[in-house]
Amino acid sequence: MSASDSSPGGTSTRLVALEAARGSAALVVLIHHFELAFATTLKIALQSTPVGWLQNGAGAVIFFFVLSGYVLTFRSFVQRNGSRLGMDAAKRWPRLWLAPAVSVIAGALVLITGVNANEAAAALSGSQWLQAFGNAHLPAGFHPDLGDALVQSVTLWVGANAGYNSSLWTMQWELLGSFVVFALAALLIGRPLRWAMPIVLVLAAALSVLVSYVVPFIFGCALAYLHARRTRRPTRAMGVALLLIGLLLLCCEDPDRMYLVLAALPEKDQVLAGIYLQSMGAFALIAALRSDLEPLVDGHVARWLGRLSFPIYLVQVIAICTLGSDVFVWTATMPTVVHYGATAVVTLAMTMLLAIPFAYLDEWWRRLVGRVTRRSAVAAS
């Protein structure tokens, strides 16, 4: 997941509803990780049920990817001008790098100083995910090191293990997917629908086999293309229908209950089918938020939720493995409601507290990269 470089064009204000949805998706990932750490039984009970979208972290990540495909290309489609795509591609990695890099270093410092309590908490919850510092896949005999963390802040973008902050496994896909949709948008701008959609379908089918996590970005780009061409919004009734369909599709987490039919597929195909279903769910949800429902989602809370979305994603594993785990251990002998309630409240508060400085850092860095890129483009012209 990532914050958009700027708001898409075609409107007089930023797309607050989509920003709020991104923030909500970041909180869904937090719930997902919280359950993996402290409440695995609840996780199993809710997955692939009609309320499963509330804690389906995999679905939330797919939503991030579809949304990135949308916001990165929408303005170019509206303006019917692909000249900005090259500049956007050039600044994409620098734009994304700093905040994740700082979160990697923060994760390393947590392990170096020993302030993490995840192993003690995992002994109580039985969570292998928590035991492994958020499923970090750290090798045997591992010793945290700041130099190693600096190296990892670069290599994670090409698929290296994100051991100091396991949430960052998505960054390689965010970067690759961005480049794919920049190229796709350049192909689609100005093309009629009868040519554009076959290009989208062929590309999605081709990449499904090799890099399936890029497919959601293509869904988002296709929706941006369609929205840039439309003259009327869906009504509120249509928006509600799209919202419900989207949320139900985003409940798909495992081939059971609502999605038991997927169990008949080979395991590899189950994963791909899940990605497609979740991508269609995200497609429908974004379409719902661009309907006449959009003006209903506005205000300071929605804007702040959007600003904090990327930071929430970056810091939540650290919050869970430090103070969240501490509170889980400290309250182990208390009533169940207090035990889990206190852990949840403290984990959320710690996540939000850590996210705020990351939000300011990310905004400052985004502006700086934008200025440098524009000056470089002017100097080269």
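Trainee: Which residues join Arg84 in a network of salt bridges?

Mentor: A salt bridge here is a side-chain nitrogen of Lys or Arg within 4 Å of a carboxyl oxygen of Asp or Glu. In this structure Arg84 is networked with Asp88 and Lys91 through such bridges. Before going on: this is a predicted model, where local features need pLDDT of at least 70, side-chain atom pairs count only at pLDDT 80 or more, and totals for chains, interfaces and linings use all residues. Residues are numbered from 1 along each chain as its sequence is written, and side-chain values use heavy atoms, with hydrogens and water left out.

Trainee: How many salt bridges does a search of the whole structure find?

Mentor: The search turns up 10 salt bridges. Take Glu294 and Arg233, whose closest N and O atoms are 2.7 Å apart. These two connect distant parts of the chain, 61 residues apart: Glu294 sits in the loop between helix H13 (267-289) and helix H14 (300-330), and Arg233 in the loop between helix H11 (215-229) and helix H12 (236-249). Helices are DSSP runs of H or I with at least four residues, strands are E runs of at least two, and both are numbered from the N terminus.

Trainee: Is Glu294 buried or exposed?

Mentor: Look at relative accessible area: buried is under 20%, exposed is over 50%, and partly exposed is in between (1.4 Å probe, protein chains only). Glu294 is buried because its relative accessibility is 10%.

Trainee: What distance, N to O, goes with the salt bridge of Arg307 and Glu363?

Mentor: Arg307 and Glu363 meet at 2.6 Å. Arg307 belongs to helix H14 and Glu363 to helix H15 (residues 336-380), so the bridge ties together parts 56 residues apart in sequence. Arg307 is partly exposed at 28%, while Glu363 is buried at 13%. Another bridge pairs Asp298 with Arg303, with the closest N and O atoms 3.4 Å apart. There, Asp298 is partly exposed at 48%, and Arg303 is also partly exposed, at 32%.

Trainee: Now the nonpolar side. Which residues touch the most other members of the largest nonpolar core?

Mentor: In soluble globular proteins, nonpolar side chains tend to be buried together. A nonpolar core is a set of buried Ala, Val, Leu, Ile, Met, Phe, Trp, Tyr and Cys residues joined through side-chain atoms within 4.5 Å. The largest one here has 90 residues, and Phe63, Phe64, Tyr70 and Leu130 touch the most other members. There is also a second, separate core of seven residues, with Cys251, Cys252, Leu262 and Leu277 among them.

Trainee: Which residues is Phe63 in contact with, leaving aside its neighbours within four places in sequence?

Mentor: Contact means heavy atoms within 4.5 Å. With those neighbours set aside, Phe63 contacts Ala21, Arg22, Ala25, Ala282, Leu285 and Ile286. Then find Gly246, which is 183 residues from Phe63 in sequence but 10 Å away in space, C-alpha to C-alpha. Gly246 lies in helix H12 and is buried, at 0% relative accessible area. Not counting residues up to four places away in sequence, Gly246 touches Gly281, Ala284 and Leu285.
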